[in-house]
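Here are my notes on the model, point by point. Please read them with the coordinates open.

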Amino acid sequence: MGMDLVIKNGKIVTAVDTYEADIGIEKGKIVGIGRGFEGNETIDAKGMFVFPGGVDVHTHLDMPFMGASSSDDFETGTIAAVFGGTTSIVDFAIQTRGNTLSDAIATWKKKAEGKAVIDYGFHIGVTDVNDSIIKEMETMVGEGVTSFKLFLAYKGTLMVDDGAFFQVLEKARNIGALVMVHAENGYLIDVFTKRLLAEGKIAPWYHAEAHLPILETEAAARAIALAEAASAPLYIVHTSCGGALESVKRAREKGLPVYAETCPQYLLLDVERYKEPNFGGAKYVMSPPLRAKWNQDILWNSLGIGDLQVISTDHCPFFMKGQKDMGKDNWAKIPNGCPGIETRMPLIYSEGVRTGKISINKFVELCCTNPAKLLGMYPRKGTIAPGSDADVVIFDPEKEVTLSWKNLHQRVDYTPYEGMTIKGYPVKVIVNGELKVDNGSFVGKKGTGKFIRRGKFRV
Ligand code: DUC
Ligand code: ZN
Ligand code: ZN
């Protein structure tokens, strides 16, 4: 009796090793790594890299936000993900004010069930903190929702104050949960926004002027101080600037359990994009905004030396036509976010590994292994090992692709990387032992993704 599937002759890459071997898969799991396996089906991966499936721990699918709803749902968003080599996500279930955390999870499970084609977990975006919500965090951890995100920005909607933030941190410490933070000072963004608009400054460029780097730097430093006061671990999402990173570095030097992620857009695009004519700058209106180019070197360097541990996407797409254009006469009404769930792995391979900025093992660590560890999914996800889920990417290092929204699968009418030619792309993607993407075609069944009951974070 052969195994269900054998991947032969590929070069397996993990966070620590690169070596040639075959992978045996049975019942959706990796059961062996070696030579001489017989398979009912065989894939020849000669000349290819074999990566663990990508893990994107920062997505916003089907999320109501700023008067719109992010344009990818769990079907289109996860199909786009798998084309780009991402085989698990952790999406943000947002608590609405006056409702419970389990309401948020129930709502998001309904969005995902029967639609997702890859496995998914949820964080909760906590927006309304009181004693019973703090207590409920414990229940959520028991149900496999082990991380909670707080927003220090978006005054009047998502933002919480420092007292609420601190209470969540203390509780998280007691129950082994991880607190994530959107670090920008929402009070000052509000002041700057009103001032700029009163001066008639309505173009997308002013989004960046209202969301100055110092506001992220301050909020990151404050979040770290509050986490230290609560003796709690902290994970800073979408770090975009050198100032915020300085606090992360200092905290880590002190031995504090502070972790941080960045996203491809902050590594590859800069603030000049807001000057694109004909409202083109709206494509990049996200929070935090794109920064001056010099920040990119600091971000890449921090990835290399371990001060940044994760690359996620903050995938939050809105159509230019019909959604972003709500802010045609007022940048503050442009729904914040950009697409990226499909392009993360190939972009980072091409622009990070091929350029020599990071090693191929570091690439796997940042895009697969560390996110799985920090968000409690390791070693089921994020590596290639006996016993792990058979989420595997067969990646052709020679394949050149010119990115265009027309050829991507994200449900949105642009990509921030339009016209960019990159080298290296997934050619086959296997999810839980089943081939889902084969040479540019989706060959899987829809709705096969399952909820991931996550464990406690580890490093
Ligand atoms: N930033 C975005 O750009 N979009 C969604 C939420 C966020 O924090
Ligand atoms: Zn955020
Ligand atoms: Zn986000």
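A residue counts as near a molecule if one of its heavy atoms lies within 4 Å of it. The model is predicted.

1. Surroundings of ligand 1. By that cut-off, ligand 1 is surrounded by His60, Phe65, Tyr154, His182, His238, Met286, Ser287, Asp314, Cys316, Asn336 and Gly337. Ligand 1 sits in the largest cavity.

2. Polar contacts of ligand 1. An oxygen atom of ligand 1 lies 2.9 Å from an N or O atom in the side chain of histidine 182. A nitrogen atom of ligand 1 is 3.0 Å from a polar backbone atom of asparagine 336. For tyrosine 154, a side-chain N or O atom is 3.3 Å from a nitrogen atom of ligand 1. On its own, ligand 1 has 240 Å² of accessible area, and the protein covers 99% of this.

3. Zinc ion, ligand 2. Which protein atoms are the donors here? They are ND1 of His182 and NE2 of His238, at 2.1 to 2.2 Å from the zinc ion (ligand 2). The pair links distant parts of the chain, 56 residues apart. Histidine 182 is in strand β14 (residues 178-182), while histidine 238 is in the loop between β15 (234-236) and α8 (242-253).

4. Are they buried or exposed? Histidine 182 has a relative accessible area of 1%. Histidine 238 has 2%. Buried means under 20%, so histidine 182 is buried and so is histidine 238.

5. Zinc ion, ligand 3. His58 (NE2), His60 (NE2) and Asp314 (OD) coordinate the zinc ion (ligand 3) at 2.0 to 2.1 Å. The spacing of its donor residues in sequence is H-x1-H-x253-D. Here too, a pair links distant parts of the chain: histidine 60 and aspartate 314 are 254 residues apart. Histidine 60 is in the loop between β8 (54-59) and β9 (64-65). Aspartate 314 is in the loop between β17 (310-311) and α11 (344-353). Both histidine 60 and aspartate 314 are buried. The zinc ion (ligand 3) is 3.5 Å from the zinc ion (ligand 2).

6. Cis peptide bonds. The bond from serine 287 to proline 288 is cis, with omega near -5°. Proline 288 belongs to the loop between α9 (264-268) and α10 (294-305). Proline 379 is in the loop between α12 (360-374) and β18 (392-402).

7. Positive phi. Phenylalanine 279 is not a glycine, yet its phi is positive, about 70°. It lies in the loop between α9 and α10 and is buried at 12% relative accessible area. Asparagine 432, also not a glycine, has a positive phi of about 45°. Its place is the loop between β19 (421-431) and β20 (434-438). At 26% relative accessibility, asparagine 432 is partly exposed.

8. Aspartate 73 is in the loop between β10 (68-69) and α1 (74-83). Its relative accessible area is 10%, so aspartate 73 counts as buried. The side chain of aspartate 73 makes a polar contact of 2.8 Å with the side chain of lysine 115. Threonine 14 is in the loop between β2 (11-13) and β3 (18-20) and is buried at 7%. Its C-alpha atom is 6.0 Å from that of valine 364, 350 residues apart along the chain.

Technical notes:
Residues are numbered from 1 along each chain as its sequence is written. Chains are lettered from A and ligands numbered from 1 in the order in which they are written. This is a predicted model: local features need pLDDT of at least 70, side-chain atom pairs count only at pLDDT 80 or more; totals for chains, interfaces and linings use all residues. Side-chain values use heavy atoms; hydrogens and water are left out. Donors are N, O and S atoms within 2.8 Å of the metal (3.2 Å for Na, K and Ca); water is not among the atoms, so sites may look incomplete. Helices (H or I, at least four residues) and strands (E, at least two) are DSSP runs, numbered from the N terminus. Buried means under 20% relative accessible area, exposed over 50%, partly exposed in between (1.4 Å probe, protein chains only). A polar contact is a pair of N or O atoms within 3.5 Å; within protein, one must be able to donate a hydrogen and the other to accept it, and residues adjacent in sequence count only if both atoms are side-chain atoms. Accessible areas come from the Shrake-Rupley method with a 1.4 Å probe; for residues, only the protein chains shown count as cover. On a 1 Å grid over the protein atoms alone, a cavity is a set of points where a 1.4 Å probe fits but cannot get out, and a pocket is an open set with protein on both sides within 12 Å along at least five of seven lines; lining residues have an atom within 4 Å of a point. A molecule sits in a cavity or pocket if more than half of its atoms lie within 2 Å of its grid points.
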